[in-house]
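Please read them beside the coordinates.

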Amino acid sequence: RDTARTTLASSEKKLRLYGISKKQIQDIGRRGRPMEHMTIYSSIAGTVIHKNGFEGMYVKTGDRIYTIADLSKVWLFLDAYESDIQWLHYGQHVKVETESYPGEIFKGKIAFIEPFVHEKTRTIKLRVNVDNKDKKLKPGMFVRATIKSVLGAGGIVYALELAGKWICPMHPSILKDHKAACDICGMDLIRTHEFGFTDKPAAEKKALVIPGTAPLITGKRAVVYVEDPAGESSFHRYIGREVVLGPRTGDYYIVLSGLRAGEKVVTRGNFKIDSALQIEGKPSMMNPGGYYSENQVALTQAAGSYVEDAGILRTAFPHYLSVANALSRDNIHEAAQNMEKFKSRIEHIIKNNRLENQEEGIARELKIIISTLNTINHALPELRSQFADVSRILKEILEKYEYKDDLKLYLTFCPMAFDGKGGFWLQDSGAIRNPYSGPKMLKCGEIRGEYGRAIIKRQPQSGHQHGS
């Protein structure tokens with residue numbers, strides 16, 4: 001009898017491990033005979049996102065029948081620029097916006113920050129936990145996120161709701177006023193200051209700020225144009241002033257030195273003033289000492305342009321190259337994703353270099369790129385056509401403006417693309433990988449030029465490779 005009870009208990013335990021409910025096990029006992037069909041219930045509630053099994057299929061231990069996800073809470077993976085690392089900490093609030101629901105804000109918290117920077121994109125990955133009770137956020141969506149930081153004592157990030165609290169190192173939503181265990185995983189909570197937050201706000205003091213469009217920034221220098229009522233001409237009414245900038249706070253820069261409260265600075269048209277002074281050979285942002293020779297000034301006047309650097313596109317090129325690589329493999333999903341990232345990066349470059357109000361020079365070309373990518377196509381022929389348009393603009397930028405970056409780029413041309421009309425593109429390798437024909441004619445094309453280290457080499461336009 002004892003043996004029978006032990007066998008029965010062991011059988012019940014095995015059925016429970018198989019996922020059979022307690023009620024089902026009791027029904028089997030009352031029935032007293034084997035069941036040919038049985039319903040197996042999932043151990044969690046959620047949404048079926050992948051179906052592997054089908055009726056009549058034989059399965060063995062470890063086989064996946066369905067993949068179920070609880071979409072009431074989702075993870076967002078964000079790319080943060082290297083310059084923003086100092087403002088980011090575990091547990092911070094994040095506001096998320098999507099193209100699908102304009103004007104609607106989703107809220108989450110930073111749950112993980114990668115411990116290293118990606119060398120090509122100069123970004124770090126963040127994982128954000130977001131409540132998704134209405135199931136509006138879908139896997140694969142593109143989102144934009146905003147994280148606001150407030151400085152506390154000693155320049156450390158301060159968050160009022162986290163000051164002096166205890167937080168779970170795995171679940172940032174668990175926050176308590178005292179030492180305790182996490183309600184979800186049971187881990188001991190940790191003081192928030194161990195995650196980089198200060199317990200005290202900074203002493204209140206006034207700061208001198210200027211609009212983000214006022215300074216012209218090049219390298220380590222920042223110049224603003226200050227009104228000089230005694231100036232003898234329209235351009236000479238303003239004098240360049242080198243300033244030292246602190247952190248950017250929204251649409252404003254904190255000025256550490258170089259300006260006094262009450263002075264008027266140019267916020268629009270400053271680039272035109274600077275370029276006019278360059279043409280005259282006078283001190284300017286790009287020419288602080290006014291040291292251009294007469295010949296150089298004459299050449300500049302003849303060209304009707306000013307010095308600009310195509311190197312500002314350095315952080316955007318990796319995304320562009322990823323688009324080219326994906327198109328060479330006919331991977332439309334990956335290509336579209338990286339095209340979105342490329343567009344986002346160009347927008348950041350325009351904003352970061354104060355080009356929003358400029359309508360000439362490299363600013364004009366970058367804005368044309370944004371206009372070209374206003375809507376990213378998700379059909380392969382159309383996306384290839386968009387990529388060709390972007391490649392043509394990048395080619396013009398590299399030919400017009402100086403490019404000294406270490407990232408070497410090869411100007412490549414396929415004469416058979418687009419029904420014989422031909423198409424250019426850029427790649428970072430001398431091995432041809434044609435984004436316009438894909439695997440069918442992967443090696444069709446020829447190298448027409450090289451960019452990088454301020455050297456442009458052009459090869460004679462003779463012949464091209466064919467292959468697959």
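1. Ser 11 is partly exposed, with a relative accessible area of 37%, where buried means under 20%, exposed over 50% and partly exposed in between, computed with a 1.4 Å probe on the protein chains only. Ser 11 belongs to helix α1, helices being DSSP runs of H or I with at least four residues and strands runs of E with at least two, both numbered from the N terminus. Its C-alpha atom is separated by 9.6 Å from that of Ile 25, 14 residues apart along the chain.

2. This is a predicted model, in which local features need pLDDT of at least 70 and side-chain atom pairs count only at pLDDT 80 or more, whereas totals for chains, interfaces and linings use all residues. Residues are numbered from 1 along each chain as its sequence is written, and side-chain values use heavy atoms, with hydrogens and water left out.

3. Val 94, by contrast, counts as buried at 1% relative accessibility, and is found in strand β4, residues 93-98. The C-alpha atoms of Val 94 and Gly 108, 14 residues apart along the chain, are separated by 5.1 Å. Neighbours within four places in sequence aside, the residues in contact with Val 94 (heavy atoms within 4.5 Å) include Leu 78, Phe 106, Gly 108, Val 128 and Ile 147.

4. Ile 346 is in contact with Leu 313, Ala 316, Leu 366, Ile 369 and Ile 370, once its neighbours within four places in sequence are left aside.

5. Among contacts with a separation of 6 or more, 56% are accounted for by residues 24 or more positions apart.
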